[in-house]
Amino acid sequence: MVEAATGLSLIVMPSLLVEVLLGAAPDAVIGLTVARVAGAAVLALAVACWQARNDVEGKAAKGMVTAMLLYNLAVVAILALALLRHGISGIAFWPVIAGHLTLAVWCVACKSA
């Protein structure tokens with residue numbers, strides 16, 4: 001549900017969400033467009049997860065868990081790189097990192113079960 005809201009927010013008001021996460025709004029129309037495309041991708045992941053939620057033992061659910069593991073680890077890596085290389089972070093930066101790390105651990109636990 002949080003990812004769906006994030007995706008919708010990136011589509012509708014990308015500047016606000018990017019500023020809360022990274023401490024600065026996107027510089028140009030290109031940045032806003034990329035943020036909106038990312039929002040559409042996150043929303044699509046949320047919808048796919050929602051659709052696969054009742055298929056616990058099926059291949060679709062297992063594929064979604066793998067995809068979400070990749071997504072969560074990628075988000076953590078990208079944000080960590082932004083912090084380390086450019087000092088970029090906003091008020092929501094650490095809660096977002098913690099949330100994605102927690103979800104990655106949950107995905108690993110689901111794959112191990």
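**View 1. Contacts of Leu-79 in the predicted model.** Leaving aside residues up to four places away in sequence, Leu-79 touches Leu-21, Leu-22, Phe-93, Val-96 and Ile-97; contact means heavy atoms within 4.5 Å. The model is predicted, so local features need pLDDT of at least 70 and side-chain atom pairs count only at pLDDT 80 or more, while totals for chains, interfaces and linings use all residues. Residues are numbered from 1 along each chain as its sequence is written, and side-chain values use heavy atoms, with hydrogens and water left out.

**View 2. The largest nonpolar core.** Eleven residues make up this core: Val-42, Val-65, Met-68, Leu-69, Tyr-71, Val-75, Leu-79, Phe-93, Ile-97, Ala-104 and Cys-107. A nonpolar core is a set of buried Ala, Val, Leu, Ile, Met, Phe, Trp, Tyr and Cys residues joined through side-chain atoms within 4.5 Å. Buried means under 20% relative accessible area, exposed over 50%, and partly exposed in between, with a 1.4 Å probe and protein chains only. Two or more core residues come from each of α4 (59-86) and α5 (93-112). The largest share, six residues, belongs to α4. In soluble globular proteins, nonpolar side chains tend to be buried together.

**View 3. A nonpolar patch on the surface.** Leu-8, Ile-11, Val-12, Met-13, Leu-16, Val-20 and Ile-91 form this patch, and together they have about 650 Å² of accessible area. Helices α1 (2-12) and α2 (14-22) are the elements that give two or more residues to the patch. With three residues, α1 supplies the largest share. Patches are made of residues with over 30% relative accessible area and no salt bridge, like charges being joined within 9 Å and nonpolar side chains (Val, Leu, Ile, Met, Phe, Trp, Tyr) within 5 Å. A salt bridge is a side-chain nitrogen of Lys or Arg within 4 Å of a carboxyl oxygen of Asp or Glu. Accessible areas come from the Shrake-Rupley method with a 1.4 Å probe; for residues, only the protein chains shown count as cover.

**View 4. Val-12 in helix α1.** Val-12 lies in helix α1. Its relative accessibility is 63%, so Val-12 counts as exposed.

**View 5. The setting of these views in the protein chain.** The chain has five helices and zero strands. Helices (H or I, at least four residues) and strands (E, at least two) are DSSP runs, numbered from the N terminus. Of the 113 residues, 28% count as buried. The accessible surface comes to about 7300 Å², and 74% of that belongs to carbon and sulfur atoms.
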